[in-house]
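Reader: I am new to this structure. Please take one part and go through it closely, step by step.

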Amino acid sequence: MTMISLAAIAVTLLIALLLARPAGLYIAQVFNYERTGLDRWFGWLEKPIYALGGIRKEDQSWKQYAMALLLSNSVMILLVYLIFRFQGMLPLNPGGIASMEPTLAFNTAISFMTNTNLQHYSGESGLSYLSQMVGIIFMMFTAPASALAGAIAFIRALSGKPLGNFFVDMIRCITRILLPVSFVLAVVFVAMGVPQTLEPAAVARTMEGAVQEIARGPVASFLSIKEFGNNGGGFFGVNSAHPFENPSGFSNFLQIVLMLLLPASLPFTYGKMVGNKKQGRVLFVSMLMMFVVLLGVSLTSENTGNPVINALGIQHAQGSMEGKEVRFGAAESALYSVVTTATETGSVNTMHDSLTPIGGLVAMGNMMLNTVFGGVGAGFINVLMYAMIAVFLSGLMVGRTPEFLGKKIEGKEMKLIAVTLIISPLLILLPTALALYAHPDTISNQGFHGLSQALYEFTSSAANNGSGFEGLGDATPFWNISTGIVMFIGRYFPVITMLAAAGSLAAKKSVPETAGTFRTDNILFGAVFIGAVLIVGALTFFPAVALGPIAEYLTLKP
Amino acid sequence: MKTITVTIRTSIFLMIIFLVYQLAVTGIAQVFMPHKANGSLVYDGNNQLIGSELIGQTFVSPRYFHGRVSSIEYNAAASGTPNYAPSNPDLLERIQASVAEWKAANPDVPVNKLPVDLITNSGSGLDPDISPASARAQIPRISGLTGIPKETLEKLVTEHTDGRDLGLFGEERVNVLKLNMALSELLAK
């Protein structure tokens, strides 16, 4: 790895982090229900949506808010499911693509609504332009908007304010955050070489006289919301490794910044909304520290390369290049893989199945922890859950009732947190075991890596990431249905339980802060928070990763 | 019930808004940047479409520079890789075969001058680029077969080496299609 690569990585992260605070404060303003200057800019678009949609700006209880989120998302899944099922007969289908079979349509609709974007189809041949431009894009906006709305309601409850209205929050997120940024960046992506056309595939005769059909489409408008909304689903089968979906080092840089922007800015939104900026900063710095350590591990491993290949005596200064693109190289591919899993985006510019075992482990670990920034909204709810666990553990150690933002955390909240904690290993480990037992034929890489393939698929589904070890033969009814269910529960269960916990906290009286209160905005708390993440999160999965990537690593060691 | 009707009504309106968004981007792209918006297509002197500068293509003739390994043979109607794990024995076997092939076709260039990107499958199977070192390693073979002096080819590779964006992002690379088009012009002279 050259110094320039390191400098490029440092500059990329620095720019993303510098943007995080102003973006976070802007988000806080978007969800401030008082009249602000933003109303003038976006009211013209919002008013007709409220009117035509029949949305009234009434405050909801946590139960109403959670129900609105769950029910509206379920209805959207059904609507888009129908589009996929009938795309063969619907217009905007110049490629003559057939309708989707039921289990694949079930999986794909849930996948995009839950912000996962696991793809068991290939974009070039599986979806008509109508499905891409109406079905998929619609969910790529509403999914992150729903998740961010959930997180904002959660934060409002913690700060003792009314929860607000789900539909208003979702619409504001779309009109004031997602749509304007996506629009501008889509044009920027075209300037970088990303296609934006409604023409069907071009047919070329290559220099050596062969026929080459070149798939294209409205890629740029898809790409910007894919990254900014932490969606991650590719227009093309290989996602951002495709030269049309990520043509240059510059477009790669921009995608990484876009992925990080919302997740990294939410701690600042939180700090502003609960009126404790220091606490937001402590959470931000804690996550950043975990991120940097994981990135360092992945970079080292990818730049060292595959010992088995290196032993052949070829020139291997470039590091591991199987499944990677020359324009990104090993370093910026490793960075992308860490960012996309930390932010639960799930887009890839390198094939994760071909990452070195330790590079693959870092990607998987990010999703298992789901607290190193985490996806827009849902990730931050998870982070705050771990913050409460940290408070609870500290309370146990000193023998006091734990308090968070002046509210006592008691039995009811801890029970809700405990079931939320338990659901993630259940969603990952149980189906992995089932898949390995019942469907070993779908696994393409044998040995320890085979276990990693199944484990990665369910980890990615449960954490709503959506990247995959794509060698897996996952376009079968078993994988479609099982991951569909895991994605759905992985998404909505924690949102509902955590809204319940926040609702319960909101109903309590504030306890005045005394000298004996355990502070949640200093370095000590940051350390306890990281400890809680590592002990509770990492230890749960250690046995599984020891049998997968770690065992594979040991077999490759020269 | 109310939530359901609100969702359906809002969804339909949003779908229209997002469609307008995409059509607006398409309009702007097609008016101001038609070349890029349509896939950076490349035509030859007779206005015949020969490919895209962003998409790699297969070169079999040893007189041309070769690109990276592609399990889909640069079929750009799709994209993909075999997704080999680092521990997969098939990966080692394929690379050993590539190395043997290299030795046979390039007797003047020792294996330790063979860069790893040339014998690995790219992520997309459509990688248009190779590293400058991979282009240089092929110069002795092409020079021997075409009679073009090595220095001329060296100059050609240098001219076709794209730097990092803003001197920082991405890696140095050589676009194989553009390089071969220039090579073919040289041969025609």
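Author: Two salt bridges are counted between chain A and chain B. This is a predicted model. In one salt bridge, the side chain of Arg327(A) meets that of Asp127(B), at 3.8 Å from N to O. Between chain A and chain B, 46 residue pairs are in polar contact, with both residues at pLDDT 80 or more.

Which helix gives the most to the side of chain A that touches chain B? Helix 7 of chain A does, residues 166–191, with 11 residues. The residues on that side of chain A divide into 60 nonpolar, 33 polar and 14 charged.

Now the contact as a whole. Chain A brings 107 residues to it, and chain B brings 102. About 8,300 Å² is buried between the two chains. Carbon and sulfur atoms give 66% of that area.

Next, chain B itself. Its domain 1 covers 1–38, and its domain 2 covers 40–188. Taken over C-alpha atoms, the centres of these two domains of chain B are 39 Å apart.

Chain B also has an open sheet of three strands, in the order 3-5-4, with antiparallel pairing. Strand 3 (129–130) and strand 4 (161–162) of chain B stand at the edges. Each has a single partner strand, so one side of each is left without a neighbour in the sheet. Strand 4 of chain B runs antiparallel to strand 5 (residues 173–175) of chain B, and two bridges join them. Across from Thr161(B) stands Val174(B), in strand 5 of chain B.

Terms used. Residues are numbered from 1 along each chain as its sequence is written. Chains are lettered from A and ligands numbered from 1 in the order in which they are written. This is a predicted model: local features need pLDDT of at least 70, side-chain atom pairs count only at pLDDT 80 or more; totals for chains, interfaces and linings use all residues. Side-chain values use heavy atoms; hydrogens and water are left out. Contact means heavy atoms within 4.5 Å. Buried area is the accessible area (1.4 Å probe) that two parts lose on being put together, summed over both. A salt bridge is a side-chain nitrogen of Lys or Arg within 4 Å of a carboxyl oxygen of Asp or Glu. A polar contact is a pair of N or O atoms within 3.5 Å; within protein, one must be able to donate a hydrogen and the other to accept it, and residues adjacent in sequence count only if both atoms are side-chain atoms. Helices (H or I, at least four residues) and strands (E, at least two) are DSSP runs, numbered from the N terminus. Ala, Val, Leu, Ile, Met, Phe, Trp, Tyr, Cys and Pro count as nonpolar, Asp, Glu, Lys and Arg as charged, and the others, Gly among them, as polar. Domain bounds come from an automatic or database domain assignment. Two strands pair if DSSP finds at least two bridges between them.
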